[in-house]
Amino acid sequence: VQLRASGGGLVQAGGSLRLSCAVSGRTFSRYGVGWFRQAPGKEREFAAAISRSGVRTYYADSAKGRFTISRDNAGNMVYLRMSSLKPEDTAVYYCATAPSGSVYSTQYDYWGQGTLVTVSS
C-alpha cells in the first residue's frame, strides 16, 4: 500500500492550497482517509477525515470552515482544500488510511510521506 501526498508549498496568510493524496495497493473505496499535520516541535494532530463513501466528513476545530476534505473513489484520490490559511497552519501534512474515517491516529494503518505547507505572515 502506498500513499503519496502532494500539493504543499509556500503561501501567504489568507491564501489557499489544495493537497492531494494518491492511494494505491488497496481497494480504495473500502477505507476512510484522514489528514494529519505536524508542526515543528509539536505532536502530530488530526486535521480532517472522510468516510469510505465520502458522505461523512470530520474536522478539527481549527479546520472547520476553512478546510474541505473530499475524495474521488474512481481515481483513488483524496483532497484537502485549505483556505484562509494562517501561519499556525504551517506543518507537514500527512494522509493515511483507516477502516473508516476517524479522528484518532491510532486507527490509521498506512501513512504517506507528508507534504510541507508553509504559511508566511
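Guide: A residue is called buried under 20% relative accessible area, exposed over 50% and partly exposed in between, with a 1.4 Å probe and protein chains only. The model shown is predicted: local features need pLDDT of at least 70, side-chain atom pairs count only at pLDDT 80 or more, and totals for chains, interfaces and linings use all residues. Residues are numbered from 1 along each chain as its sequence is written, and side-chain values use heavy atoms, with hydrogens and water left out.

Visitor: Is D89 buried or exposed?

Guide: D89 has 0% relative accessibility and therefore counts as buried. In the protein chain, buried residues make up 44% of the 121 residues.

Visitor: Where is D89 found?

Guide: Strands are DSSP runs of E with at least two residues, and helices are runs of H or I with at least four, numbered from the N terminus. D89 sits in the loop between β8 (77-82) and β9 (91-98). The protein chain has zero helices and 11 strands.

Visitor: Which residues does D89 touch?

Guide: Contact means heavy atoms within 4.5 Å. Leaving aside residues up to four places away in sequence, D89 touches R37, R66, F67, S84, V117 and V119.

Visitor: What joins the side chains of D89 and R37?

Guide: A polar contact is a pair of N or O atoms within 3.5 Å; within protein, one must be able to donate a hydrogen and the other to accept it, and residues adjacent in sequence count only if both atoms are side-chain atoms. The side chains of D89 and R37 are joined by a polar contact of 2.8 Å.
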